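Subject: Structure handover

Hello,

Please find the structure below, followed by notes on what was found in it.

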Amino acid sequence: MSRKVIKSVTNLYDKKIERLAEVPDEKLPPLKNNKELKYIGRGISRIDGYDKVSGTAVFTFDKILKNMAHARILRCPHPHAKIRKIDITKAMNIKGVIDIITKDNTEKIDWYDGDTFIFDEHLRYQGDEIACVAAENEVIASMALKKIEVEYEILSHVTDKMTAVKEDAPKLYDWGNISPDANPAKYNRGDYEQGLKNADQIIEEEYNTQFVIHNPTEVHCSTVDWNGDHLTIWDSTQGIFAVRNSVAAALKIPQNKITVIKKYMGGGFGAKLEAGKYTVMAALLAKRIGRPVRITIDRKEMNLAVGNRPDSYQRLTVGVKNDGTLTALGMTMYGAMGAHRDGAGCQWPLRSLYKCPNVKVEEYHVAINTGRSRPFRAPGHVQGTFAFESIIDMAAEKIGMDPIEFRLKNYAEVEANWEIPWTTKLLKECYKQGAEAINWKSKRNKKAGEGKGPVKRGVGMASQIWWGTGGPPAYATVKLNRDGSVHVLSGTQDIGCGTYTILAQVAAEVLEIPVERITVSLGNTDEHPYGPSSGGSMTASSVTPAVYDGALQIKAKLMSGASALLGVREDNLVYSQGVIYSKDDKNKKKSIQEVVRETHEQILVATGARNARPQGVMLNSFGAQFAEVEVNLETGKVKVLKIVAAHDIGRTINRKLLENQFHGGIIQGIGYALLEERVIDHYTGKVLTTNLHNYKMPTIKDAPEIEVIIVSEGDDQISAIGAKGIGEPAIIPTAGAIANAVYNATGVRIRTLPITPDKILNQVYNIG
Amino acid sequence: MEAQIKFVLNDEIVECFENPALTLLDFIRKHKKLTGTKEVCREGDCGACAVIKGEINENKIIYKLINSCIYPIGNVNAKHIVTIEGLNQSEFTPIQQAFIDEAASQCGFCTPGFITALTCYLLSEEQYNYNTAVDAIAGNICRCTGYMSIRRSVNNLIDSVNANWSHKLSRIDNLVGLKIVPEYFRGIQNKLMEISTDVVKTIRLNEGKRIICGGTDLFVQHPDDLTDSENEYVSDSIASEITETETEIHIGANVSFEQFNRSDIIGLYFPGLHEYMHLIASLPIRNAASIAGNIVNASPIGDLSIFLLGINAKLILVNNKRQREINLKDFYKGYKSLDKSDDEYISKIIINKPSENFYFNFEKVSKRQHLDIATVNSAMSMTIEDEIVKEAHLSFGGVAPVPLYMAKLSKDILGRKIEPGLLQYVVDDSQNELAPISDIRGSKEYKSLLVKQIIKKHFNVLFPEVFTAEVIT
């Protein structure tokens, strides 16, 4: 099983990402269909279940070291200011305060791609970092924060993107407020103007989506410890290698002098994909004081400073013929990046969901005086799909066509941006099975809002496309012990999705041994081969093929060993349930334990690699969600009764964990559609929703009935495992499906998320 | 400022000196290094820090769930506090097993809170069923979110507990036998008896110090002030009962929301009580929050303040020298300003026993159905004789700087007949007394509209035969 190094190419948004990677030289034999498999596809319980239900799982937040100091960050209370002077004297005099770092006593360290420094004198949002205190405990550290005296020059601020793009708005950067990367970012396909001329109907609509906050249960935190010149970081992170590389660059130390460890983590959802300033501050403090440092941020800081889904204003245009053919799609959108550059666009659903020859897009990504945006579960696609699938619903209604029929009429047989075929696309099957499950025909109101009485019911749907599908580089080491037990090691992370369990299932399937005999170890940059950051629905799709490859190599070694021991040619041997038999003589056999023992090796080791992505084809996941809602027009309350999620996500590796992911994505999608919103008072520039009192996420009582239908088997062009990834697809269409169902129930079209009772009543009673 | 604290933590007697404002969560995690109990929101909104609190009442231990992040250690004297560590046994408990079997734990950070809440449910409820069990975990946030698998786990758990329950055995013997709780629970009662004699807490009221019953809002709004000031923590240390006389119901100041919810006396006169109370906070908050605290906190959207205004409750205020009675509607003078001197405290809340022709309804509109702060809440009571309004009280929260008693309207409708035309009259009249402001919970126009809608709802619920859907629309 030889190896080769390739340049792996991935199309992601408009970027062509090229990475060198070592991959298997030949295509590996694909897995059979799930019904013929023993471990993969089954609802196997999490192998890390014990630690979680017993509270013995040590999360980074729980990491305690001897003689550890506690660090807290002083943050700017103003949306926009410059530091005139910082005086730490009084704070340093508090008993128990050990050290304080600020811009005055540390080197300038570049951060956010050179937009700012770890400590900048220019503070661009409420929550920008000013100082970091190390103290004997958190209470003293918090007290010290109040005693640090900062003299500010208050600058005028702008916290609304549409104000920020005006000429006279206060500016955050010398380049202004509109990102040089998107001023505007343009995309053109065909002849948009001609497309509009060819249309029988033109629909123009404006949509707005809100800022939402990831709010994982575990706050961002690190515990750091220097041992001589070696730094160990326990971090609550989705990307251990990303953290290692950023911290090494920030501290100007070699990467082999840093170990990043993450075992258990209380959620991330995209907010923990990069190294945080807080980790660097903790490392600086720990070095200065010669003690381990634990740094945590609190819930208020979570809601101010560590990321959010950008908002959006989207002006959409759809040109359509009376027979339902789309002739033109147009989008002008503005999205707020927050105080530093980050993606804030959402054009991809419009560009890739349906067949349309003429498309025109202009995107503006705008800097404002609030915390920086970060990727949040399907960045861009969630905002974009809500708006685009809403206007598609309206277009269908305008020409009197059923929304599903309309989508089938404009079904894209080839990927529209590159005009290449997909490896697999089973979206039609999703429409069919989803519509049946929700009882589309009988539950849908022929005319929106036609139901009697103040409590209305209706159904709606929306489609989904996502990247995912994985790729190299990703590696996993498989070790077989003398007793037949197995270790699987990879430098990726399990952030709650069940990576530990699915990797064990893959090794179990190949080696034909029970899952209980497999231990999976993840999240250590020193001990594990490189694995990808956990984001973008890329972990399962990237790492499971690497484990598969590693396990196949182990199997090959065992076969060679058995061949030598038994004196039987390899092609005359058969491997079954951890025992190797001679095809001719079943009594001639060696168990895998015997092979390892008799070859006098303590362990057999192999490192598997993720295969190359196929070229000349497009790889996407697809799906459609169907919502049934009940709307009370007296109170404006929306209740989601049922969601049917029908998706093409390649192979199901673990049905239980897959449902976990879908339920989670859908319920977060319900939060996005109905509840969650970061509210800013534009006059003061301050965030009003800084705790879970005011930032409302769904509870168990808000969860509707959910039915998950998977229409796909493994896509073996993608990999031998053929998984496409499920984290993001689950959340993408939910808000659109709900908005369309609300319209079908009531005849009220809500164009601004979240769909709260006031917006419904305001429209019904026309009070604006 | 430190006080002696003595209680049982899991199976161990703990004796320490601490600032009574120290939260139980910090004590558990930082002092005792029991990190299974998690911190997420630190304001009682997520249940990750939920622990079980037991105390002896009439010779048996009553267990309740509390959020340790807003529970002062000053209140744990002579109590049994149970964390996830105190539930673990050599094998999984049936609750833990149910969670594993249904993959009800994703990242796992919220899981100990769910396990603890469900254990407390089994320790405290008289009967077990799926719906009340789900209610018991409605205050636990899972962001991943594994609610569907958690529901399945709960369903399996309840079925199996009910199937294996022996009615011949005591609750604790059943729970120990089923391995829901460890063996040591049998000895807790003796341990609590043993220490209760050591813990004689002298309550010093009337000294102008702040008296804190539940503190469920104070610990969210002003945790640092509490650490720095001297306060009396009186949760459960002052008698708190609901009693009745021939004409009145007396509610002890320290009565918790959940006690109110479960009171047979209150339930008799307010049959919809449980439904209203389900809209008011999560169970652990209702277990800690007191009624007097809600009144004194003077939040313009305090749910029980609105409830009590809607039935024209009275307060008994006492200090060293005197005792006086005041109508709740006269108690609020302005935003967070009360007709109460610093040395006075509420000793009792009194409501008149409703007559036969008494009608009452409570409504709450919030962004999230459960566990949310009201955008607008309201209570309306009426006594009707021969279709004529003899007495009426209407209150609204969220539309004025104080919990608003609609004094003019309550008076204007006296003597009027319950007939379709009354509704429009009340709706029009209501707008005169409102002063809503726009805030994160809604615009003032929306709140004014909500007042109209809620009035319609009140009439529709109370007199459905007169105020039909046609009359309303």
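**Surroundings of His214(A)**

Apart from neighbours within four places in sequence, His214(A) is in contact with Gly268(A), Phe269(A), Gly270(A), Ala271(A), Gly307(A), Asn308(A), Arg309(A), Arg374(A), Pro375(A), Phe376(A) and Arg143(B). Note that this is a predicted model. His214(A) sits in the loop between strand S12 (201-209) and strand S13 (221-227) of chain A. With a relative accessible area of 1%, His214(A) is buried, because buried means under 20%. Its side chain reaches the backbone oxygen of Pro375(A) at 2.8 Å, and Pro375(A) is also one of the residues in the contact list above.

**Two other loop residues**

Asn417(A) is found in the loop between helix H11 (403-409) and helix H12 (427-438) of chain A. The relative accessible area of Asn417(A) is 16%, so this residue counts as buried under the 20% cut-off. Not counting residues up to four places away in sequence, Asn417(A) touches Tyr187(A), Arg189(A), Trp348(A), Arg351(A) and Ser352(A). With Tyr187(A) there is a polar contact between side chains, at 3.1 Å.

Arg751(A) is in the loop between H18 and H19 of chain A. At 28% relative accessibility, Arg751(A) is partly exposed, because that class covers values between 20% and 50%. Leaving out residues up to four places away in sequence, Arg751(A) touches Glu205(A), Glu206(A), Tyr207(A), Asn208(A), Phe386(A) and Met394(A). The side chains of Arg751(A) and Glu205(A) make a polar contact at 2.4 Å. Between Arg751(A) and Tyr765(A) there are 14 residues in sequence and 16 Å in space, C-alpha to C-alpha.

**Helix H19 of chain A**

H19 of chain A spans residues 757-764 and is mostly covered, with six of its eight residues buried. The buried residues are Pro757(A), Asp758(A), Lys759(A), Ile760(A), Leu761(A) and Asn762(A). What do the buried residues of H19(A) pack against? In chain A, they pack against strand S28 (621-632), strand S29 (638-648) and helix H18 (734-746). In chain B, their partner is helix H19 (444-462). Just after H19(A), Asn766(A) has a positive phi of about 55°.

**Domains of chain A**

The domain assignment divides chain A into domain 1 (9-59 + 470-609), domain 2 (63-155 + 217-267 + 272-305) and domain 3 (312-469 + 616-764). The centres of domain 1 and domain 3 of chain A are 36 Å apart, taken over C-alpha atoms. Contact between these two domains of chain A involves 37 residues of domain 1 and 32 residues of domain 3. About 2600 Å² is buried between domain 1 and domain 3 of chain A, and carbon and sulfur atoms give 53% of that area. Asn11(A), Tyr13(A) and Ser537(A) supply 25% of the area that domain 1 of chain A buries against domain 3 of chain A, more than any other three residues.

Across this interface of domain 1 and domain 3 of chain A there is one salt bridge and there are 22 residue pairs in polar contact, both residues at pLDDT 80 or more. On the side of domain 1 of chain A that touches domain 3 of chain A, the elements giving two or more residues are strand S1 (3-12), helix H14 (499-511) and helix H15 (539-566) of chain A. That side of domain 1 has 16 nonpolar, 16 polar and five charged residues.

**Chain A against chain B**

How many residues of chain A are in contact with chain B? The count is 74 residues of chain A, in contact with 65 residues of chain B. The two chains bury about 6100 Å² between them, 59% of it on carbon and sulfur atoms. Eight salt bridges are found across the interface of chain A and chain B. Glu138(A) forms a salt bridge with Lys30(B), with the closest N and O atoms 2.7 Å apart. Polar contacts between chain A and chain B come to 30 residue pairs, both residues at pLDDT 80 or more.

Helix H1 (49-53), helix H3 (138-147), helix H17 (655-675), strand S32 (705-710) and H19 of chain A each supply at least two residues of the side of chain A that touches chain B. H17(A) gives the most to that side, with 10 residues. By class, the side of chain A that touches chain B divides into 30 nonpolar, 24 polar and 20 charged residues.

Regards

Key:
Residues are numbered from 1 along each chain as its sequence is written. Chains are lettered from A and ligands numbered from 1 in the order in which they are written. This is a predicted model: local features need pLDDT of at least 70, side-chain atom pairs count only at pLDDT 80 or more; totals for chains, interfaces and linings use all residues. Side-chain values use heavy atoms; hydrogens and water are left out. Domain bounds come from an automatic or database domain assignment. Contact means heavy atoms within 4.5 Å. Buried area is the accessible area (1.4 Å probe) that two parts lose on being put together, summed over both. A salt bridge is a side-chain nitrogen of Lys or Arg within 4 Å of a carboxyl oxygen of Asp or Glu. A polar contact is a pair of N or O atoms within 3.5 Å; within protein, one must be able to donate a hydrogen and the other to accept it, and residues adjacent in sequence count only if both atoms are side-chain atoms. Helices (H or I, at least four residues) and strands (E, at least two) are DSSP runs, numbered from the N terminus. Ala, Val, Leu, Ile, Met, Phe, Trp, Tyr, Cys and Pro count as nonpolar, Asp, Glu, Lys and Arg as charged, and the others, Gly among them, as polar. Buried means under 20% relative accessible area, exposed over 50%, partly exposed in between (1.4 Å probe, protein chains only).
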